Amino acid sequence: MSSGTGPGAPAPGPRGPQLPDFPWDSLAAQTATARLHPDGIVNLSVGTPVDPVPENLQRALSAVADQPGYPATHGTPELREAAVAALHRRHGVSGLVPDAVMPTIGSKELVAWLPLLLGVRPGDIVAIPDLAYPTYEVGAKIAGAEVVRLAPGELPPPGTVLLWLNSPSNPTGRVLGAQQLADLVRAARELGAVVAADECYLALGWEAEPVSVLHPSVSSDFRGVLAVHSLSKSSNLAGYRAGFITGDPDLVARVLELRKHAGMIVPRPVQEAITAALSDDAHVSAQRELYAARRAVLRPALEAAGFRIEHSEAGLYLWATRGDGAWETVDWLARRGILVAPGTFYGPAGDRHVRIALTATDERIAAVAKRLGE
């Protein structure tokens, strides 16, 4: 009788949730093709910052390098106060209290674990946009929940316990207006669902000005609402894993208590860098201008090459189509040494689009424009 421990046998112990394959692993062939280009690959498939970490943030990180004790899961008082001030100053959010802020190890881990931390259970519904950051779905599946994708303007169905919003959208760059956000928040409250708004691209408005779900024009209070923020894009801190969550004080307190038990703590030097980043608007404006300049080169080059850019009024990406299948377009660009993400990474509705990031140096963006014109 087989012991079940030979090659190919299932691993012992309980099985975890059945998750989709990691999307970017499927780009291996296209990556290899793009690398064959004589001038090298230009990777626009991910939103990884390429510009230096601002020097004042580097100094803040190193200033507290000699901190042998455990940091606070809740973050330093200075960090929490800086987050409240920054959201008010940059995005017009008022009424937040420092206790309702908590730093996170980047925003992706928070997105992935939030359903579980909020007590989402098998059989519950987590509603996400029809085109969405893949980790919303992954987080719901980790908790064993059912995922429902909502078309623009569609309200969450009965049974929804968590509604993810994302404005500006990744991947499309679509911006939800204050009234649209208010309608979704109201619908979620009627169902008793928590609203979690991923606002990682809030500082990158181009043809539209994004509004925070915490803005007074959306709701008069923060009951049942959380906003997730990342400093990866605005401050080039992707390598630091720097983010925070804020909104409903009671929900933040619930999540904080569980994170304390689980040891989900942002390292103390990173907390200091977050505080510095939230206290300085100049570097955010400078980074925004870099992305604006790259966008001004990339967008017309794509349009001249036969692409149609849809939405993309804000955020770090261009949502583009040539009318062909997503993977066909990925292959077409790979043959020109340009790697992009197929729209299908973000949901079935992306089967005719690709997502093209602005995260490359000026020289590499110029190289893309040249190749598209050849």
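Visitor: Let's begin inside. Which residues lie nearest the centre of the largest cavity?
Guide: Those are R90, H91, H229, S230 and S234, out of 16 lining residues. A cavity is a set of points on a 1 Å grid over the protein atoms alone where a 1.4 Å probe fits but cannot get out, and lining residues have an atom within 4 Å of a point. This is a predicted model, with pLDDT of at least 70 needed for local features and 80 or more for side-chain atom pairs, while totals for chains, interfaces and linings use all residues. Residues are numbered from 1 along each chain as its sequence is written, and side-chain values use heavy atoms, leaving out hydrogens and water.

Visitor: Good to know. How much space lies in that largest cavity?
Guide: About 160 Å³. A volume here is the space filled by probe spheres set on the grid points, which are joined across faces, edges and corners. The whole structure has three cavities of 30 Å³ or more.

Visitor: Which element gives the largest share of the lining of the largest cavity?
Guide: That is α3, with five residues. Both α3 (77-91) and β7 supply at least two residues of this lining. Helices (H or I, at least four residues) and strands (E, at least two) are DSSP runs, numbered from the N terminus. By class, the largest cavity is lined by ten nonpolar, four polar and two charged residues. Nonpolar covers Ala, Val, Leu, Ile, Met, Phe, Trp, Tyr, Cys and Pro, charged covers Asp, Glu, Lys and Arg, and the others, Gly among them, are polar.

Visitor: You named S234. Is S234 buried or exposed?
Guide: S234 is buried, because its relative accessibility is 15%. The cut-offs are under 20% relative accessible area for buried and over 50% for exposed, with partly exposed in between (1.4 Å probe, protein chains only). You'll find S234 in the loop between β7 (225-230) and β8 (242-247). Beyond its neighbours within four places in sequence, S234 is in contact (heavy atoms within 4.5 Å) with H283, V284 and Q287.

Visitor: Switching topic: how is the chain divided into domains?
Guide: Domain 1 is 23-47 + 283-373, and domain 2 is 64-279; the bounds come from an automatic or database domain assignment. The contact between the two takes 28 residues from domain 1 and 27 residues from domain 2. Taken over C-alpha atoms, the centres of domain 1 and domain 2 are separated by 27 Å.

Visitor: And where does the largest pocket lie?
Guide: The largest pocket lies between domain 1 and domain 2, because both give residues to its lining. A pocket, unlike a cavity, is an open set of points with protein on both sides within 12 Å along at least five of seven lines. The largest pocket holds about 830 Å³ of space. Its lining has 38 residues, and W24, K108, Y133, P134 and T135 are the closest to the centre.

Visitor: Which element gives the most to the lining of the largest pocket?
Guide: α5 does, with four residues. At least two residues each come from α4 (108-117) and α5 (134-142). By class, this lining has 20 nonpolar, ten polar and eight charged residues.

Visitor: What about α4, how many of its residues are buried?
Guide: Seven of the ten residues of α4 are buried, so this helix is mostly covered. The buried ones are E109, L110, V111, A112, L114, P115 and L117. Just after α4, look for G119, which has a positive phi of about 85 degrees.

Visitor: How much space lies in the second largest pocket?
Guide: About 410 Å³. It is lined by 23 residues, with P129, A151, P152, G153 and L176 closest to its centre. β5 gives the most to the lining of the second largest pocket, four residues. β3 (125-129), β5 (160-166) and α6 (178-191) each supply at least two. The lining classes are 13 nonpolar, six polar and four charged residues.

Visitor: I also clicked on A132. Where is A132 found?
Guide: A132 is in the loop between β3 and α5. With a relative accessible area of 1%, A132 is buried. Not counting residues up to four places away in sequence, A132 touches R149, N170, P171 and Y346. The C-alpha atoms of A132 and T344 are 10.0 Å apart, although the two are 212 residues apart in sequence.

Visitor: Last one: which residues is V270 in contact with, leaving aside those within four places in sequence?
Guide: V270 is in contact with L61, Y240, R241 and A242. V270 sits in helix α8 (residues 268-278) and counts as buried at 8% relative accessibility.
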